[in-house]
Amino acid sequence: IGIATNKQGCCVLQRCLEFASVEQRVQLVAAVVACSSRLVQDPFGNYVVQCVLEHSPNAVAAQYVVDHFAGKFLRMACNKFASNVLERIIKDAPLSLRRVILDELIFTAPNLQQLVHDGFGNFVIQVIIGTTATPNEHKKIADRLKPVLANSPFGHKIENKLKSKRFNNNNHGGQNQQQHMQGKQSHNHAHNPNRVPLASLPVQA
């Protein structure tokens, strides 16, 4: 944990994950996953968790998420750094994992109410809307959201996101999701200027 939560150490760990052998990567991943609940809340540790997810097969990464974060998505969504990890998870999630996330965050009324009033949670909702794969899912999400937006300080942003979502007429309910699963790239919150992009973190020799 000490290395992963250090500015230089988190960079070193990410490079190790990128260039390690299969056996070495398995050992590193196991160590990170074991303390992932704490790392996701850390300003540097959250990048290491994202790197583990990026360099794991999709099915394996999804299982990590279910095993270690299911039931904790609301807490992650409302945390400054864990919400960064959760947004990454949502963008790369296969449909089975996406359903688990939506059940906890969108289709559980008290959780949704908290999210629309939270400074970080509202961005998670916007990512969920942005990664909606079908008009049917979009309608279900919108139906849940609209009644709770009136008193939200972020309601207009969420409503604008709902209105701006467009679907390709040739999308038969999976094309967008496949695009999100391809080319896993790092994403940083535009709403958090204090987050340090990975490329800007220098690695000491």
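How many residues does helix α1 have, and how far does α1 reach from its first C-alpha to its last? Helix α1 (residues 7-19) has 13 residues and reaches 19 Å, close to the 18 Å expected at 1.5 Å a residue. This is a predicted model, where local features need pLDDT of at least 70, side-chain atom pairs count only at pLDDT 80 or more, and totals for chains, interfaces and linings use all residues. Residues are numbered from 1 along each chain as its sequence is written, and side-chain values use heavy atoms, without hydrogens or water.

**Confidence**
- The protein chain averages a pLDDT of 85 (the predictor's confidence in each residue, from 0 to 100).
- A pLDDT of at least 70 is reached by 82% of the residues.
- Over residues 171-205, pLDDT stays under 50.
- Where pLDDT is low, the predicted coordinates should not be read in detail.

**Helix α1**
- Helices are DSSP runs (H or I, at least four residues), numbered from the N terminus.
- Gly9, Cys10, Cys11, Leu13, Gln14 and Leu17 are the buried residues of α1 (buried means under 20% relative accessible area, 1.4 Å probe, protein chains only).
- Their cover includes α2 (22-34) and α4 (45-54).
- Asn6 caps the N-terminal end of α1, with a side-chain oxygen 2.9 Å from the backbone nitrogen of Gln8.

**Helix α7**
- Eleven of the eleven residues of α7 are buried, so α7 is largely enclosed by the rest of the structure.
- Asp92 lies in α7 (residues 82-92).
- At 13% relative accessibility, Asp92 counts as buried.
- The side chains of Asp92 and Arg88 are joined by a polar contact of 3.0 Å (a pair of N or O atoms within 3.5 Å; within protein, one must be able to donate a hydrogen and the other to accept it, and residues adjacent in sequence count only if both atoms are side-chain atoms).

Conventions. Helices (H or I, at least four residues) and strands (E, at least two) are DSSP runs, numbered from the N terminus. The expected span of a helix is 1.5 Å times one less than its number of residues. Buried means under 20% relative accessible area, exposed over 50%, partly exposed in between (1.4 Å probe, protein chains only). Contact means heavy atoms within 4.5 Å.
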